[in-house]
Structures are given as C-alpha cells and as structure tokens.
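Subject: Structure handover

Hello,

Here is the structure for you to take over. My notes on it follow below.

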Amino acid sequence: MTVGNEGTSWNGNASPRRPTLDAGEVLVLDADAEAGGGIDQRDGNPGMQPKAFSTSPCDPDLDASAMQVVKGIAVSPGIAIGPVVVLDPLGMRLPPRKVAPEALAAELVRLEEGLAAAGLEAAQAEADARHRLGPQYADILAAHARMITDETLRVDARARIERYGISAEHAVIEVLETLASRLDQLSDPHLSARAADVRDIQGRIVGQLIGQRPKSFQEGLTAPSVAVAHDLTPSEAAQLDPDRVLGFATEAGGQASHTAIVAAALEIPAVVGLGAIVDQARSARLIVIDGDEGLVVLNPDAPTLERYRAAAVDRSARYRVLSEQAGLPAETLDGVRVELFGNIEFVDEVAACLKWGAAGVGLYRTEFLYLRAPTPPTEEEQYQAYSAVIRSLQGKPIIIRTLDLGADKLTSYRGAGSLEANPVLGLRSLRFSLRHPELFRTQLRALLRAAVQGDVRILFPLVSTLDELRRARAVVGEVAAELRAEGHSLRDAVPLGVMVEVPAAALMADQFAKEVDFFSIGTNDLIQYTLAVDRTNETVADLYSAADPSVLRLIAMVVEAAEKRGIEVSVCGSMGGEPLYALFLLGLGLRSLSMPPHQLPEVRRVIRGARLDAARVLAAEALRLDTAREVVALLEAALRPILTNAKAMETPTTPR
C-alpha cells in the first residue's frame, strides 16, 4: 500500500477541464507533486458533515515523480482523491512504501530474513518437484532458488532501502520488476518468457516478507484510500466499504460489467479498463480517480489537484440542491409523468432509493445472495431477504429478478458447473435456472411467499425464446400450486415479465407481449449481443455504445410492441440512468426508467426541463442517423440547453 496524505471522495457529475486521451493512453507531465489536506464528503449523501483528514507534508523524495494521466472507462461517477492501496495480482496487500529513518536497520533485517525464508521455500519446492515431476521441472525451480540467493539481488535491494528509505517489499519489487521489464522487451521469445520466472520469484519473496495476508485488504487500512488492482470480481467489489475505500481503478474490466454495476450501487467512484497501471501505482504517493471522464491521475501536480478539488466542491453544491428536489415528480414541462425507479442489490440500498425520490425498485438483483455463500441460500434465507426489502419499501412496487448467474459471475458460484469456453453465450440466467430446477423452484417458492407482503413483480432474465418463457411460467404455476397445497396463502396473480436483453427477444417482442405482464429492457446485454462486443473486454470497449443505431432501433421495436398490447415497458440497464439518453427514451414512449439510486436526481432534472413534443422529434431524428457518433452529437446538443436552464432556475428551497 502506497500512502499519501489526502483522503477525499465526491460522487456526482461535475468535472474539471482535463486532457483528452484514448483508452489505455498515458500522459506524462513533468510537474512538482504537491498535496494538502482534504475532507471526505460524498455527494451520494450531501448532508454528511466534512471530516478532517491528514495534512502532513508530502514526501520530498517523490516530488520529482512525473504526473501521469491514464485514460480508462468511466463506470461509476465521482471524484476520489487519496493515498493508494495496491492490490497485488497475487492477492497481497503491500505495506506503506516509506520507512521511518529509525526503522531502516530493522527493515534490512526483514529483507535478509525474507530472502532466506524464500530461498528455503524455493529449495523445498525444487525437492518436491524432483520427486513428483522429475529433474526437468526441478531444474527450473532450482534456478529460481539460485536467483533468490544471488548476491546481486540482496545488494541492490539493501541499497534501495538505505538510499530511498523504502520498505523491503518495495525494494525487492523495484529490483526484480526492472529485470522483468527488460526481459519483456527482448525479441528472443525464449528470453522474454523468463520475465514470468522473475515475477514468480518476486511474488515468492514478497509473500514471505508480508506473511499471512488478512481476509480483506480493508482490514489493514489506517486511513481511507483508493484501491488499484488488475481486476476485482463482483463479490470482491460488493465487500468494499465506502468509508474505507474512496474509489478504485482496475487494469481490466468494461463499462457494463457487474463489478461496475456494484461500484455504482455503492457510490464509489471507479475507472476500469486502464491497461497496465498497477506497477506505476505502486510508487505513487497520491491518486485521483475521475469516475466521470474515466481518468486516473497519478501524482497530480498542484494545479491539477486544485482543479479537481474545485470541481468536487461544485459537485457537492449541485447535489445538495438536487437532494432537496428529490420529492418533486419527474414530470415534463407539458405535464407528462415519468416514473423513476432504483436498481439495487442489497436491502440497505432501499434507503438511498427513498432518499432520492424513487417510485420503487425497478430491478432487485438476487444473485448476490448466492455469491456470498459457499452453498446456495435456502428457501427461508431467501424469503427473509426478499421480505426485508419489500417491507423497507413501505408499499412501493418492486421488481425482483430471478437468478442471473452466468458469464462473469458463473465462475464465482461454487458448484455451478464446469467452466465454459464462451460463458457469455452459454448456460446463464434463465437457461441456468431451467437446467437446475431445484435452485429455480427454491427461489420461486421464496418469492411467491414474500409477494403477499407488497407490490411484487417477478422478472425473468435473458429470455431468448418463447419456449423458455413458457417453461418458466409453467414452473411458477407448479410451485404456486405446491405452496397452496401446503397451506400457504398466496396472491392470485403475481405479474411476470421478461428482460429484453438479446436481439432475438426484441425481434419477437410482439409475440412476447401477448404472454407477459411487462417488459424490462436490459440495455447492458442488449448492446453486447447486438454489437458482438464482450462488455467486460477492455480491448474492444470503444465499440460498446448505447448510441449505436442498431441498438436504438431494437429498443424502439420493443416499446412499440408493448404499446400495442398495452403492457408496461421500462429500461433498467445503464442507459436508463444516463441523462444523455433521457430525452430519446422519453420521445420513444418510455414512461418508466430504473437506475442506481445516485443517478435519479440528474435524470429527474432532465425530465423536468423537457417537453414531450421536442423529445418525440429528437427520437425520430436519432432513429434516422447512421452512426453512434452522430447520435451522441445530436443528443448532446439537445441536452445542453436543458442543463443550462436547469442550473439557472434551480434554488435550494424553491421548487419549479
């Protein structure tokens, strides 16, 4: 963990001026990095009182470090400024980089002990390999053991500790990472492949120096920090504590990954898909996460730091105004009402939905009940979880989605089955539930029992064919009959709906509309499957666009089919919470949008500044365009005057 002296995080939409970069591009600026004190203030909770934080002087040894601006993918809005905690690819949490002068002697002893222990471990591994695998593999590990005990490594690491006052872990990493980087650049593939051996040795030594790692890296944090990692799984992201982790940045990931969804739900600023950044972050004393523009700034200079602080203050002021307008309806200037709902994973998020004036919960994701435990949750455990959410809503409607394990989440579910070569097109979501009827029936039993407590609707994910829908409806009927036979009192008819997430469902929407009570358009997967772009693959992230005309036309087809049959239709994917698309969706005919709670104020502000006739003209024009770039330009031009007028007219106490 690299520690600086700032600890601030804000969540909202304002952004300072900053350079334009492509994904993965790094801007290096020669600058003197300067830091001051800060506050921890989140716009997700604009009433929170500022907390004083460390104002100790910055590390003079690192002032010469060049500021780096890395472009990634913005997945959760907000600005986070703070010290860095690097999550090593091996799952290790590094200690602070700097060591007090009086502790240098002890640090040198730690280095010697760590090298000795790692050497013994490597020698034992060599002996085991020789016994089990033979001399060919044992010789590789023998070379590892020799490198660990090599005098050059020991001398170089000691010199860095004494000269720069850094920890033994960071000294070892710097020495070996320099060697590995040189090997990476060699044209001879046999020599360049040895870089992996060097990094394996590095991990072994650092592991010995660190010892037993804690269950969570958060347990060892001495101050609120910003996490940097190669990647985070959805379950790891779900465990983040916003009071301790101000924001996070990852090398991998995509805009609509489930990790991104969790980050937005927790209101933690996040940028993903950054490419190689972990190594640079290890030596950074301060970091800025710009979750609006998808930028990460390592070692920000004084002007940059000041711009971000100013932008964060502006953001806080605006969100205070928006919070006071949370009770106002999302109604256009000509009186058209749009119902805004919240997307949640956990019961605690209901409070945020109510605070921001949500009409209810438009999407309750249930898979985290499964991801948090080594075995599937029982019927009673699920019943209690669903009941708690329903009661918390105080009579407001809730749409509960059945198990959506699969793709990036299926591998995290223990016992779900073997890994698939292409899980995105494999056994996931409703397909998975139908293939595992014992899990599906258990969940439906809990849902139908809990549904008597409120306005509950059940949503089936990733429905591709009418046959899948009919099979799922049949299981619901069987489970309901079973529960009634056992003496349970149930509602006469719980509304059933499908998520429109694949082109097949959109193309057949007119037929699906005859057999369901409502549609919920999941734009995240719809974009992925329509454009053939893996939404978690950072190498093709630039091709993933909600504004692509093919996606817009499929959405229009679904809305038209729903209107003809008189059933409700909403958008619950990321597109529904982006102000840029609010006018288009309004003009298309959508009167229900669902989004993470923190996005409700901005979308409400856009709706309240719009006119239906203008939105209809805008939607019609957007559907005639040829490229996503043209669509975005059109929508930005239409949104700009609404935001300008809203800013001029809003006051904290006088609703419009």
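Which residues of helix 19 are buried? Bear in mind that the model is predicted. The buried residues are Thr523, Asn524, Asp525, Leu526, Ile527, Gln528 and Tyr529. That makes seven of the nine residues of helix 19 (residues 523-531), so the helix is largely enclosed by the rest of the structure. Alanine 532 follows helix 19 and has a positive phi, near 55°.

Five strands make up an open sheet with mixed pairing, in the order 4-9-8-7-6. Strand 4 (73-76) and strand 6 (84-87) are its edge strands, each pairing on one side only. From one strand to the next, the twist averages 25°.

Strand 8 (residues 245-250) pairs with strand 7 (residues 225-229) in the parallel sense, over five bridges. Within that pairing, phenylalanine 248 of strand 8 is the bridge partner of alanine 227. Strand 8 also runs parallel to strand 9 (residues 270-272), and two bridges join them. There, alanine 249 stands opposite valine 271 of strand 9. Strand 8 is largely enclosed by the rest of the structure, because six of its six residues are buried.

If neighbours within four places in sequence are set aside, phenylalanine 519 is in contact with Val498, Val500, Ala509, Phe512, Ala513, Val558, Ala562, Ile567, Glu568, Val569 and Ser570.

Leucine 153 lies in helix 3 (residues 151-164). Its relative accessible area is 5%, under the 20% limit, so leucine 153 is buried. Leucine 153 and leucine 176 are 23 residues apart along the chain, and their C-alpha atoms are separated by 8.0 Å.

Last, a helix pair. Two packed helices are described by the angle between their axes and the distance between the axes. For helix 21 (residues 579-588) and helix 23 (residues 612-624), the axes come within 7 Å and cross at roughly 95°. That angle falls in the 65 to 115 degree range, so helix 21 and helix 23 are roughly perpendicular to each other. On the side of helix 21 the contact involves Leu583, Phe584, Leu586, Gly587 and Leu588. Helix 23 meets them with Leu612, Ala615, Arg616, Leu618, Ala619, Ala622 and Leu623. By type, the residues of this contact divide into 10 nonpolar, one polar and one charged.

Regards

Technical notes:
Residues numbered from 1 in each chain as written. Predicted model: local features only at pLDDT ≥ 70, side-chain atom pairs only at ≥ 80, totals over all residues. Heavy atoms only, no water. Axes fitted to C-alpha atoms, helices over the stretch in contact; angles between N-to-C directions. Helix = DSSP H or I, 4+ residues; strand = E, 2+ residues; numbered from the N terminus. Parallel < 35°, antiparallel > 145°, perpendicular 65-115°, else oblique. Contact = heavy atoms within 4.5 Å. Nonpolar A, V, L, I, M, F, W, Y, C, P; charged D, E, K, R; others polar. Buried < 20%, exposed > 50% of the residue type's maximum accessible area, 1.4 Å probe, protein only. Pairing = 2+ DSSP bridges.
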